[in-house]
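Reader: I've got a model open on my screen and I'd like to learn how to read it. Could you walk me through it, feature by feature?

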Amino acid sequence: MAKSLVIVESPAKAKTIEKFLGKGYKVLASYGHVRALPSKQGSVDTENGFVPNYQVLAESQKHIDLLKKEVAKSDELILATDLDREGEAIAWHLLEALNIDEDGDHPQVKRVTFHEITKPAIDAAMASPRRIDRGLVDAQQARSILDYLVGFNLSPFLWKKIRYGLSAGHVQSVALRLICQREGEIEAFEPREYWTIEALLANAAGAGFGAKLHSLDGKKLDKFAISDETQAESIMTDLKQAEFVVANVEKKERKRNPAAPFTTSTLQQEANRKLGFSARKTMSTAQKLYEGIDIGAESLGLITYMRTDSVALSEQATSEAREVICQVYGEEYALSKPRTFKNKSKNAQEAHEAVRPTSIAHTPEKIKKYLTTDQFRLYQLIWKRTVASQMTQAIFDATSIDISAGERYTFRAAGQTIRFAGFMALYIEGTDNGDDEEKEGLLPLLTKEEALKREQLTPEQHFTQPPPRFTEASLVKTLEEYGIGRPSTYASIMNTLVTRKYVRLEKRVFFPEDVGRVVAKLLTDHFSRYVDYDFTAALEEDLDTISRGEKEWTPLVEQFWTPFITLIKQKEQEVSKADLTTEKTDKTCPECSKELVIKLGRSGRFLACSGFPDCRHTEPLTSDGQPAEEPVMSDEKCDKCGAGMLIKTGRYGKFYACSAYPACKNIQPLEKPKSLDIACPQCKEGEMMEKKSRYGKIFYSCNLYPKCKYALWNPPKQE
């Protein structure tokens, strides 16, 4: 009997697929990429058509050796790597590494793809093999070569001009620019004062509700119409004698549709908002759900392929969703015909389906016992989003009530009640400000010209807020809106920014580090074209045209390379390290009266005398670039040596530090740990204390540390 060797990317997937294929098939894994461009000079021949010099990865050699032995014993080689550009490129690289001709007689080479790991999907793929798509391979090859050319030429430039070990990439650098640009906007932001006036009113039956001052002399008040306390008090004086009467009641029916099923990008965003998952954690968890989970009677993939731009659902999926909706919620929650969605993102590739469960019948409750907590939470999110997309609209009764207060002023009260929950009975999409749930305002039944009682009148002072810093969810959304990069790469890009210490993540929010800001400024000032949003998006569109076979890849690389390397050489002569890592100030050195400058050191920026090395005076700076406050002696005593404790200001705020430093290096948080009056569950002798970590995160630990090192992040329960 003829023997077929099937190669996939991961061993988990291999195990699941081999069960479906049965006898005559052997399924092995390549363990991801098998060849890459070495990080050394000459990996791309820029003088002769940008020929890449790929090498088998050291960690892949043993897998290639095993595959070669199995290929020699097989009549058929089936390449079943993922169905995107990267997967297509891996299939091609496998042939190259195994030294196999796709058109050769032995083994016969076939390429198959599937968007879910279920028996019907695998059988359908095996029945419809094809050749390797060279357009997809060329697009991925062009991306790899561009990444190499940028990284291998721009990164050394950063080493010379800023610090060794830095890196740059065309999408990574744009993401860094976005984060740093937003931080600059926040620092430059000047709050603007404004006031609002709210009334607490009641009808004759005593039912109370709130209303806000809306218009004056028939003209709607804009946000800054009441700009200070004086104006607010003047209006309050007018209103104290005013009678409040219902002027108009308007009711409207409003409908709301559910969100589309998940794409890679929206899955990353929603998992970050609702579950607190990083993009990396979302993708790795989804990968496990896709590759196969043992659910008792069988092992199968629970979700479709998680790297997709499509919001489409198959007829089978919509049919299964309708069946479940009717069973659980009733006919009135089901659609008469499936709802379809259109993509909003640039460069969308709709070759396959949205991220959805492979079987809607596998409800989260049914398979919960087979999943880890993270797997269950993500699967439940995907399942709910998919099913909700095929449920009826939510219907609201929206009510707007205008209330006259005297002759000049009008207040407005608005509220809505859900008449029919529709899809909202199952799922509501999150937002970047964390305001997930639909706000409902219940208003009493009111009629026109009805007199109201004024219970309370309150002026409130407000200040405008700066734009919010990026979270992973909002950064992913912004990158996708600009058409920069591909959603499948966002997780690794954000991880690189953090590991390179260009940015830090605090409470799921990105803050640029000093070195990140210096790199971003260098790239923006001197390589503006290569961190330009439109240029980077246009490059992505060019890669898409290559993947469709409409363009050749070498002219694109040539068009990028020639001006890029010319600019690198030019800037090597023009830009000095001092220009980038030194910043002038209007401060003078207290020791020699020379100018103080801001320098970039290993631990961030600091003030230093421009007279170095003759004068070595330095001063620390806080994370926002302001001079650190001088240490102040406190009333506290060091519990290790008895010396006085200084109050110092560090990167993460104020803390106690022993004044006997460096003889004693004891430091303590400024806030004293709080006792929970709960005995330590581990040692039974100590008590649990609420403490704060250096990053501001609350944790709970035994007060007998280091004798007892019991600690946890969630509050302990009283036994």
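Reader: Let's start with salt bridges. How many does a search of the whole structure find?

Author: A salt bridge here is a side-chain nitrogen of Lys or Arg within 4 Å of a carboxyl oxygen of Asp or Glu. By that rule, the whole structure holds 40 salt bridges. Before we go on, two notes on the numbers. This is a predicted model, in which local features need pLDDT of at least 70 and side-chain atom pairs count only at pLDDT 80 or more, while totals for chains, interfaces and linings use all residues. Residues are numbered from 1 along each chain as its sequence is written, and side-chain values use heavy atoms, with hydrogens and water left out.

Reader: Fine. Which parts of the chain does the pair Arg85 and Asp544 link?

Author: Their side chains meet in a salt bridge at 2.3 Å, N to O. Arg85 sits in helix α3 (residues 85-98) and Asp544 in helix α16 (residues 533-547), so to speak distant parts of the chain, 459 residues apart. Those element names come from DSSP runs numbered from the N terminus: helices are H or I with at least four residues, strands are E with at least two.

Reader: Are Arg85 and Asp544 buried or exposed?

Author: Buried means under 20% relative accessible area, exposed means over 50%, and partly exposed is in between (1.4 Å probe, protein chains only). Both Arg85 and Asp544 are buried.

Reader: What about Glu270 and Arg385?

Author: Their side chains form a salt bridge too, at 4.0 Å, N to O. Glu270 is in helix α8 (residues 264-275) and Arg385 in helix α12, so this pair ties together parts 115 residues apart in sequence. Glu270 and Arg385 are buried as well.

Reader: And where do Asp397 and Arg419 lie?

Author: In strands: Asp397 is in β15 (residues 394-405) and Arg419 in β16 (residues 409-420), so the pair ties together parts 22 residues apart in sequence. The closest N and O atoms of this salt bridge are 2.7 Å apart. Asp397 is partly exposed because its relative accessible area is 27%, and Arg419 counts as partly exposed at 48%. Salt bridges can also join up into a network, as Lys3, Lys26, Glu70 and Lys73 do.

Reader: Next, helix packing. At what angle do α9 and α12 pack?

Author: Axes are lines fitted to C-alpha atoms, for helices over the stretch in contact, and angles run from 0 to 180 degrees between N-to-C directions. Angles under 35 degrees count as roughly parallel, over 145 as roughly antiparallel, 65 to 115 as roughly perpendicular and the rest as oblique. Helix α9 (residues 279-291) and helix α12 (residues 373-388) pack at about 90°, with axes 10 Å apart. That's why α9 and α12 are described as roughly perpendicular.

Reader: Which residues make the contact?

Author: Contact means heavy atoms within 4.5 Å. From α9 come Lys281, Thr282, Thr285, Ala286, Lys288 and Leu289, and from α12 come Asp374, Gln375, Leu378 and Tyr379.

Reader: What does α14 pack against?

Author: The buried residues of α14 (residues 487-499) are Pro487, Tyr490, Ala491, Ile493, Met494 and Leu497. They pack against α6 (170-188), α8, α9, α13 (472-482), β18 (503-506) and β19 (509-512). Just after α14, Lys501 takes a positive phi of about 65°.

Reader: Last one: what share of the residues in the protein is buried?

Author: Buried residues make up 48% of the 719. The protein has 18 helices and 31 strands, and its C-alpha atoms fill a box of roughly 95 × 85 × 65 Å along the principal axes.
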